[in-house]
Amino acid sequence: MAHRTSRPAIAEPDRASDPKHSSNLLTREQVTFAISAQEMRELDNGSESFDIIGQPRALKALRLAIDIEGKGYNIFATGLSGTGKRTAIMKILKDFHPRRSRLRDIVYVHNFTRPDHPRPLYFKPGEAREFRKAMVDLVDRVRQIVDALLVDQGYKEKRDELVMQAEGRETQTVSEFEQRLNKEGFEIVQVAEEDDQRADIAPIIAGESATFDDLQRRVTKGELDEQSWNDIREKYYAFMDEMKEIFQRLRDDRMNVEESLRALQIELVRPELEAELARLRLDFPDARVHAYLDDLLEDAMQNLQWFRTPEDGDDSDPAPLWRFGVNILVDHTDSKAVPVIFERHPDYQKLFGSQESIGDPMGERTSTFMQLRAGSLLQASGGFLILRAEDILSEEDSWNALKRVLQDLTTEIRPLPNPMNPLPSLKPEPVDVSVKVIIMGNEYIYDYLYAVDEEFQKLFKVPAEFDSVMLRTEENMRQYMGFMRMICRDEGLRRIDHDGMAAVAEYGVWLSEFRDRLSTQFSKIADVIREADYWAAREHRETISREDVERALRERKFLYDLPEEKIDEQILSGEMIMAVTGTAVGRINGLAVLDRGYYSFGRPMLITARVAPGDDGIINIERESGLSGEIHDKGVYILQGFLQSTFANDFPLNINASVAFEQSYVEVDGDSASSTEIYVILSAIAQIPLRQDIAVTGSVNQMGEIQPVGGISEKVEGFYEVCKKMGITGTQGVIIPLQNIPNLILTPEVQLAVTSGQFHIYAISTIDEGLEILTGLRSGAKDESGHYEERSVNALVESRLRAMATVVKEFNG
């Protein structure tokens, strides 16, 4: 049986000499914060304009990237939503004047050698329309030349001579053949076949043409002997072969005549068409245009018949003169500045272009170069394309293709595969593009892409980081007022007076969480002004006042605070266990912020601890149940390091301590409760009660130094609201990190409660200071011999830990 040692006797600790710890209480100046109408009036310069403010780093990055023409200087703009990323980007791009214009008109034309590979051509801004008109005029001019040729007397004489010579040769050949046929007792006849006729040879019997059926009957009747029948058949087949050869020679002769006529037409038309094209070459000196015109010349010469004016009643298929057309994809005729395209839906076709189709006379769907359509990437060529990260990254094909474009500086217009309706597709030649891409997203996306995607590193070399706060300087305050007036003016809202401006500025400070800063989330500032205007209208006021701004904020809070209200109902009904008076061992009120994204609020949470001798260390119940985030886990590990370094330097830390957030059923993360967990563990170890009328927040390191946390104003206000509803006693308050004093922007009600002594805020920098406030006892410091001051909290904790180590040692021994 294990030997059980007796618990060492420990003297009752002395109470601290200053139980109120007035040195830790915040002063009126530290608690109160307000911006007066007089302050706004003195700063006001009457401006209704608004410049980009508070973003020097982002603006410098944007200007650097847009001025450098090197490859890969695309931009990834990061920052919270509403910080003015898009507004700032659009303003800078609007004022951008490049040293060298990169604007070009882009067209597609027919590829005469590879019809399924349309070719792109490039022109100076405005020249694409001129080239298209020039091509229309060229086709009309060729029509005129061809029509004039057909009535030219010299051409008609040469044509008639060639035709007459051919007809003479044909007549003579056929006549000689018919004479030989007649001599042998045969003649040429026309045989009807369905809707057509064909030439055939028939023997002549008794002065009349006879068919082979007639001859067969004659043989059967004995009117024609077998030998004569066989002779007729042999001659028939011989003459048929000869007739086919004659007709083939005649067809070849006709084709030769047609070739001669075509050569004659080309000989007469080419000089005039070359003269027309020579003028076009002077107007459009680009080598690619000249190559296209060379191919066009040869194609036109081979198809001059297409240029004849149709005669009345001609119902033949129209000539395919569309092949000489010009499809303008990008037209900068009216462009006064570089293009700036914001693509909201960057699917593949919207971004890279599409191939449309048309129906042919047979009802089939076909596509030509005239059905190619430019996407936003081509429309932005020579300028800037703006995308949202979440939009482009959700389109995997578009994202990968965009990176290829930025790498190769060319793009292609390809159809999307459609297995339900496969169409013959074109393969247009790639188009050269010169575009800067600006992607807007958050820093987490940028960091992730930079870490995992080597291509991204090379293609987006410049991050433009937009800050969510800026210093509250006089100049920035003037700009804030200018922004308020601009919103009112541009949206037709009521004029906002100086007191209303002060209230809006206070809201901007509250959003920033720093008294000496202002929020740059201007979309939220604008929303408050719009809602204040609504309430001013409801009260029939001509201007927006402080009362309207505060009403807007109250009403917004009412719309969002249903969860807050339900938590308070649970606390007041006793369903959620919470005490804001008295003392208790191993229990403490921590402070947490519940963030819904669009609305956050603070409320106290009961944190408990239980300890016993053992070797398991600190057990994080939230972690064991899967409800602890990584940062909270880290905070718990720090607690064990603090206990070890503070109390167990010369003996092992043999403790089993469990810590729990009671009645919490969602994930707990962050380390803002780490100091609170230390207090409750020390209380459980030393069996010293903690004040329940004080709630605690603050991070801690292994040396016991208190570190700042976020959401400090919401936490203070949250505990005050609970105390107010459960009953204000005049002793209640909160403990916060000393570094968080500049972050306190409290409601006027809470400020009044603190300054009147009904509610208290203690600011501390060490665990020891918090212990004295919560226990009313001296925390105790080590003397020169390394021992804690007698009758202090730390001495009691160390003594209890030594006792636990002894128990474990003896139990294991």
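Biologist: How does H17 pass H18, in a left-handed or a right-handed crossing?
Modeller: H17 passes H18 in a right-handed crossing. Bear in mind that this is a predicted model.

Biologist: Which residues of H17 and H18 make the contact?
Modeller: H17 contributes Val 504, Tyr 507, Gly 508 and Leu 511. From H18 come Lys 524, Ile 525, Val 528 and Ile 529.

Biologist: And how do the residues of that contact divide into nonpolar, polar and charged?
Modeller: There are 6 nonpolar, 1 polar and 1 charged in the contact of H17 with H18.

Biologist: At roughly what angle do the axes of H17 and H18 cross?
Modeller: Roughly 145°, and the axes come within 10 Å. H17 covers residues 498-512, and H18 covers residues 522-538.

Biologist: Changing topic to cysteines. How many disulfides does a search of the whole structure find?
Modeller: The search finds 0 disulfides. For reference, a disulfide is a covalent bond between the sulfur atoms of two cysteines.

Biologist: Is Cys 488 buried or exposed?
Modeller: Cys 488 counts as buried because its relative accessibility is 6%, under the 20% cut-off.

Biologist: What about Cys 723, buried or exposed?
Modeller: Buried as well, since Cys 723 has 0% relative accessibility.

Biologist: Next, strand E32. How many of its residues are buried?
Modeller: 5 of the 5 residues in E32 (residues 760-764) are buried, so the strand is largely enclosed by the rest of the structure.

Biologist: Which residues of E32 sit on one side and which on the other?
Modeller: His 760, Tyr 762 and Ile 764 are on one side, with Ile 761 and Ala 763 on the other. Those five positions are all buried, and both faces of E32 are covered. In a regular strand the side chains alternate between the two faces of the sheet.

Biologist: In what sense does E31 pair with E32, parallel or antiparallel?
Modeller: E31 (residues 733-737) and E32 pair in the parallel sense, over 5 bridges. Val 734 stands opposite Ile 761 in E32.

Biologist: Which residues of helix H26 are buried?
Modeller: In H26 (residues 767-775) the buried residues are Ile 767, Gly 770, Leu 771, Ile 773, Leu 774 and Thr 775. Just after H26, Gly 776 takes a positive phi of about 75°.

Biologist: Let's do the open sheet of 3 strands. What is the order?
Modeller: The order is E3-E2-E7, and the pairing is antiparallel. E3 (119-123) and E7 (327-330) stand at the edges, each with a single partner strand, so one side of each has no neighbour in the sheet. On average, neighbouring strands of this sheet are turned by 30° against each other, direction ignored.

Biologist: Over how many bridges do E2 and E3 pair?
Modeller: Over 5 bridges, in the antiparallel sense, with E2 covering residues 105-109. In E3, the bridge partner of Val 107 is Leu 121, and that of Val 109 is Arg 119.

Biologist: Which helix packs on the sheet?
Modeller: H9 (residues 287-302) packs on the sheet and touches E2 and E3. The direction of H9 makes about 130° with that of E3.

Biologist: Are the faces of E3 covered or exposed?
Modeller: Both faces of E3 are covered. Arg 119, Leu 121 and Phe 123 on one side and Pro 120 and Tyr 122 on the other are all buried. In count terms, 5 of the 5 residues of E3 are buried.

Biologist: Last topic: where is Asp 391 found?
Modeller: Asp 391 is found in helix H12 (residues 389-393). Asp 391 counts as buried because its relative accessibility is 17%, again under 20%.

Biologist: Which residues does Asp 391 touch?
Modeller: Asp 391 touches Arg 344 and Pro 346, not counting residues up to four places away in sequence.

Note on methods:
Residues numbered from 1 in each chain as written. Predicted model: local features only at pLDDT ≥ 70, side-chain atom pairs only at ≥ 80, totals over all residues. Heavy atoms only, no water. Axes fitted to C-alpha atoms, helices over the stretch in contact; angles between N-to-C directions. Helix = DSSP H or I, 4+ residues; strand = E, 2+ residues; numbered from the N terminus. Left-handed = near helix turned anticlockwise from the far one by under 90°. Contact = heavy atoms within 4.5 Å. Nonpolar A, V, L, I, M, F, W, Y, C, P; charged D, E, K, R; others polar. Disulfide = S-S within 2.5 Å. Buried < 20%, exposed > 50% of the residue type's maximum accessible area, 1.4 Å probe, protein only. Pairing = 2+ DSSP bridges.
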